[in-house]
Amino acid sequence: MSQIPADFKVKVGVQLHPQHISYENFAEAVSIVDEMGVDSIWNWDHFFPIYGRSQGNHFEAWTLLAAMAVLSQRAYIGCLVTCNAYRNSALLSNMAKTIDHISNGRLILGLGAGWFERDFQEYGYQFGSNGSRLAELEASLPILLHRWQVDMPKPIRGTIPILIGGGGEKKTLRIAAQYANIWHGYGDSEILLHKRQVLHQWCRKCGRDPQEIECSTTVRNPSEQRLEELVSVGITHIILAMKFPWDFATLERIIQWRNRFYNTST
């Protein structure tokens, strides 16, 4: 801990799984975790449950984000992550801008290439290949950025932070180096350290300062040792994945860890 600067900040988020629940269950949780002091609240972008009963309750990401914007007051909100293929890029830019205004500038636009084949097949989208989906993701980003500059009203902060999720070293991390404000990775500390190093290599090739990109990951019931390991490899936004019934005790434990060891003042 002594090697970490005194003003070093770590953020704690929570991803509330929008499946096998009622809307009332979800809405109540959003208000509770916002009051608990999380830095960010996330849902995900699927059309069906991805575990448990295949035909269980499930809610759509972006209409749910509009509700999350109203139900919360302080935390950033976002989708971890939006599947780029499901929505026209110009339309998505307008959706994001609208949620940004509803939330008073608290939206983070999480984006990924998509992976859950059932979503594509049952809703009539072309699944394609990993390469084709990543190419579509890359093509969408200039469109999003352009529309935020020309459509009115503009986003509250002039633009909207972009999170890119995924760890592919040849394409995904290059795209993140070019466009992301936050990169979201998965894996143990050793994997995340390696991926972050590759991301920084792409940043240098792109002429981007690596320090401009925040690094985040998802955890499930982590020990304090695990949390410290993540910080030691450069992860500064730690997001707890939660399913119903909600484990608020674990979330509170992580928030208290953040408050004990890291400066959270704004």
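I looked up helix H8 (residues 224–232) and helix H9 (residues 248–261): their axes come within 11 Å and cross at roughly 55°. Axes here are lines fitted to C-alpha atoms, for helices over the stretch in contact, with angles from 0 to 180 degrees between N-to-C directions.

The model is predicted: local features need pLDDT of at least 70, side-chain atom pairs count only at pLDDT 80 or more, and totals for chains, interfaces and linings use all residues. Residues are numbered from 1 along each chain as its sequence is written, and side-chain values use heavy atoms, without hydrogens and water.

I then listed the contacts (heavy atoms within 4.5 Å). From H8, Glu-224, Leu-227, Glu-228 and Val-231 meet Arg-253, Ile-254, Trp-257, Arg-260 and Phe-261 of H9. The residues of this contact comprise five nonpolar, no polar and four charged.

Next I checked Ser-89, which lies in helix H3 (residues 89–102). Ser-89 is buried, at a relative accessible area of 15% (buried means under 20%, with a 1.4 Å probe and protein chains only). Beyond its neighbours within four places in sequence, Ser-89 contacts Asn-84, Ser-140, Ile-143 and Leu-144.

Last, I examined strand S1 (residues 11–16): five of its six residues are buried, so S1 is largely enclosed by the rest of the structure. I found S1 parallel to strand S9 (residues 237–242), joined by six bridges, and Val-14 has Leu-240 as its bridge partner there. S1 also pairs in the parallel sense with strand S2 (residues 40–43) over three bridges (pairing requires at least two). In S2, Ile-41 stands opposite Val-14.

Methods:
Helix = DSSP H or I, 4+ residues; strand = E, 2+ residues; numbered from the N terminus. Nonpolar A, V, L, I, M, F, W, Y, C, P; charged D, E, K, R; others polar. Buried < 20%, exposed > 50% of the residue type's maximum accessible area, 1.4 Å probe, protein only.
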